[in-house]
Amino acid sequence: DYAMQHDLINKWECKSIKLKELAEKSKNMLRLIHRVKITSHAGTPVYMYGVQVPRSHREAMEMDMKNRDRLWSNSEGLELEQLEEYEVFEDLGHESNPTVRAPEGYKKISYHMVFAVKHDGRRKSRLVAGGHLTEVPTESVYSSVVSLRGVRIVIFLAELNGLKIWQTDVGNAYLEAKTDEKVYVIAGPEFGEKEGHVFIIKKALYGLKSSGLRWHERFADILRNMKFFPCKAEPDIWIRDMDDHYEYIAVYTDDLTIASRNPQAIIDVLKAKPNRSLCCNFIRF
């Protein structure tokens, strides 16, 4: 690559004629370089806050055995418990059962676990569906987010009108919404005794192409029921008339900036029935 950029190909002393021929063909050269980069990256350990992050379930279990703890195992277990709590899957039974088969029109896809380390050392596991294997939706799956300028305006209005600013995060936001995609997966070793079971995906699981839009629609319906309405200039800023002042909620996917004289009251409504599970894991700053 360096030789190509500095016109040194003819001066390159190399015993391999084939390698020189590849260098002279720029497309083949770039393709080869890209392949080497991918291979190198796949085998390079990844660290977050000084802790090595596994790339697969097998590697996570190997790390637990090596470190003589269950940090990654417990992290996966917590993720699977939450998936069960949110009723993400419909279990049809083990695939070896001849009577078990996915409904007509459903497509089999893969999934994988994504691992991370939080700033306080907590391990985080997230099950992500292989949305790249699904058909391209005929409808738009675009899901907008509030702009930085919009957040600044909300903060300015809060300061101007004596409102409190709370920054909150919705836990497992996508799992609050149902999916329209007809897909299923075969459970792997992460699911323990249910390995090999056929799971139909019912909720907007992370990784599916339409999940962002489904969550956006779900939360918009909730805010409308709370008498909020979207700003015409910035649709992801929601406004509610409180007679002598306005309340504001700026939405960036599952992160909310709330400007209100009583933001706790808004959170209490979001956490209460019929939105029992919605926003149940708020983090207040």
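This is a predicted model: local features need pLDDT of at least 70, side-chain atom pairs count only at pLDDT 80 or more; totals for chains, interfaces and linings use all residues.
Start with the chain overall. It has 285 residues, and 40% of them count as buried. The exposed surface comes to about 17,800 Å². Carbon and sulfur atoms supply 53% of that. Now contacts. Take those between residues at least 6 apart in sequence: 63% join residues at least 24 apart.

Next, the inside. How many cavities of 30 Å³ or more are there? One. The volume of the largest cavity is about 70 Å³. Which helix gives the largest share of its lining? Helix H7, residues 211-225, with five residues. Among the lining residues are Trp215, His216, Phe219, Ala220 and Leu223. Others on the list include Ser143, Ser144, Asp236 and Trp238. By type, the lining divides into six nonpolar, four polar and one charged.

Last, two backbone details. Most residues other than glycine have a negative phi. Tyrosine 49 has a positive one, near 55°. Tyrosine 49 sits in the loop between strand S1 (46-48) and strand S2 (51-53). Is tyrosine 49 buried or exposed? Exposed, because its relative accessible area is 60%, and the cut-off is over 50%.

Now arginine 68. Its phi is also positive, near 55°. Look for arginine 68 in the loop between helix H4 (57-67) and helix H5 (71-85). Arginine 68 has a relative accessible area of 80%, so it counts as exposed too.

Definitions and conventions. Residues are numbered from 1 along each chain as its sequence is written. Side-chain values use heavy atoms; hydrogens and water are left out. On a 1 Å grid over the protein atoms alone, a cavity is a set of points where a 1.4 Å probe fits but cannot get out, and a pocket is an open set with protein on both sides within 12 Å along at least five of seven lines; lining residues have an atom within 4 Å of a point. Grid points are joined across faces, edges and corners, and a volume is the space filled by probe spheres set on the points. Helices (H or I, at least four residues) and strands (E, at least two) are DSSP runs, numbered from the N terminus. Ala, Val, Leu, Ile, Met, Phe, Trp, Tyr, Cys and Pro count as nonpolar, Asp, Glu, Lys and Arg as charged, and the others, Gly among them, as polar. Buried means under 20% relative accessible area, exposed over 50%, partly exposed in between (1.4 Å probe, protein chains only). Contact means heavy atoms within 4.5 Å. Accessible areas come from the Shrake-Rupley method with a 1.4 Å probe; for residues, only the protein chains shown count as cover.
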